[in-house]
Amino acid sequence: MSKLKQALTAARVESLPCEPGKNQTFHWDAKTPGLALRVTASGTRAYIFESRLFRKTIRLTIGDVRTWELSKARTEAARLKTLIDTGVDPREQRAEQEAAHAARHAAVTAKAHAGEHTLARLCDGYCDYLESLGRSSHSDARSIFNLHVKEAWSQEAALPAMDVTPEQIADMMRRLLDAGKGRTSNKLRSYLHAAYQVARAAKSKPSIPVAFKDFGITVNPVSDTAPDEAQNNADKNPLTPEELRTYWRIIRDEPGFKAAVLRLHLLTGSQRIAQFVRLRTQDIGQDEIMLFDGKGRPGRPPREHPVPLIEAAAQALSACEPQGEYALSTDGGKTHLAPTTLSNWAVEAVGDAIPAFQAKRLRSGVETVLAKAKISSEMRGRLQSHGIAGVQARHYDGHDYVDEKLEALTALYRLLEPSARKGRQKAIPSR
């Protein structure tokens, strides 16, 4: 059956139909041998080329009309016709070109993975990502990666991140465990797992920087390793009420910046030290301070954590003389105190007055004495910014609980200061 031909035009390319009852219809061009417009029943339109070589029909798709102009489709059809006339099968030529392109792409990808998308680069990229989100943990993660991946395992750090195995991750953890650094081993695992998860999710989560896609992570090798559960036990040695009162008596009337910082830390509920020392001057209000809780799911910004001030806490804050960017600083607010500095100050102040004293025992001690004071577990969690879970709490409960936190801090002060039990400790008015 002869093919009906007509000179294709831009208007005809847009309007020529698929014949009723057919899956596709070919409209042949009268100007260019072998060129046709293919219109399907679903409405797709593409240019195709058809000819015969060695008595066999050959048909190739040139491309969709939305990306191929008619003039360019005619040029391509003429080129394919020339190949046919010289005895070359354009399908074989196209296959060779696609294979060569795939080989070049694979070589470029392998080179990129080897040079740019290494485990070390993934670690650095993840730390930069945490920093961009305002997560304070970026500095801890960076330190651990530098010491216990890039320096301790330089060959593995230079591998493409996608090629690192669970066994290699486990060996990194094992070396730390053997050195008696079980907690660091678990932290290394946690940070590596989060880094791989971010890169893995980048393909489907648009909020993650597109650069993570280039690592080609489809499987998280850290998932097949296991942490040392013995190192994750919570502190089971909180300060007793009497020990807390001893600590308060030591720092209560001590002059100077150090003691003022320690008083403020205790009277605000012994917040996480790493978050507390990062208090910014601009986040100090008349009746509260605003901390930012960076603990939580990877990829989420820090959560606002308002902490009200009782009168004694406000006096301690004033004694710290906040200025510059950071309120708790020894250089005029340019940098904040290091968490270890505050911890060491607390240990130095206590000396031998409290056996086996550690600053971390303050937080659990406050929680324990508040429990004895009948402060609910929910309010203790709200005050110390932990235990906030569930869909309702995360997404629907917009109450800031400042008044309830103020009641808990007032109860804490009464436990610390016997004189406050007789006369109510004056609190900074709530908003």
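This is a predicted model: local features need pLDDT of at least 70, side-chain atom pairs count only at pLDDT 80 or more; totals for chains, interfaces and linings use all residues.
Residues are numbered from 1 along each chain as its sequence is written, and side-chain values use heavy atoms, with hydrogens and water left out.

**The sheet**

- Let's start with an open sheet of five strands, in the order S1-S2-S3-S4-S5 and with mixed pairing.
- Strands here are DSSP runs (E, at least two residues), as are helices (H or I, at least four), and both are numbered from the N terminus; two strands pair if DSSP finds at least two bridges between them.
- Strands S1 (5-6) and S5 (56-64) stand at the edges with a single partner strand each, so one side of each has no neighbour in the sheet.
- S3 (residues 35-40) and S4 (residues 45-53) run antiparallel, joined by five bridges.
- Leu37, for instance, has Tyr47 in S4 as its bridge partner.

**The helix across the sheet**

- Helix H2 (residues 70-85) lies across S2 (24-29), S3, S4 and S5, and runs at about 15° to S4. Such angles run from 0 to 180 degrees between N-to-C directions, with axes fitted to C-alpha atoms, for helices over the stretch in contact.
- Glu76 is found in H2. Is Glu76 buried or exposed? Glu76 counts as buried, at 15% relative accessibility.
- Buried means under 20% relative accessible area, exposed means over 50%, and partly exposed is in between (1.4 Å probe, protein chains only).
- Leaving aside neighbours within four places in sequence, Glu76 is in contact (heavy atoms within 4.5 Å) with Ile62 and Trp68.

**Aromatic rings**

- There are seven aromatic pairs in the structure. Rings of Phe, Tyr and Trp (its six-membered ring) pair if their centres lie within 6.5 Å; planes under 30 degrees apart are stacked, over 60 edge-to-face, and the rest tilted.
- Tyr247 and Phe357 are stacked, because their ring centres are 5.6 Å apart and their planes at 20°.
- That pair links distant parts of the chain, 110 residues apart: Tyr247 is in helix H9 (residues 241-252), and Phe357 is in the loop between H13 (339-350) and H14 (360-372).
- Tyr247 is buried at 0% relative accessible area, and Phe357 is buried at 9%.
- Trp248 and Tyr413 are edge-to-face, with centres 6.1 Å apart and planes at 75°.
- Trp248 lies in H9 and Tyr413 in H17 (residues 402-416), so this pair ties together parts 165 residues apart in sequence.
- Ring pairs also link Tyr129, Phe212 and Phe215 into a cluster.
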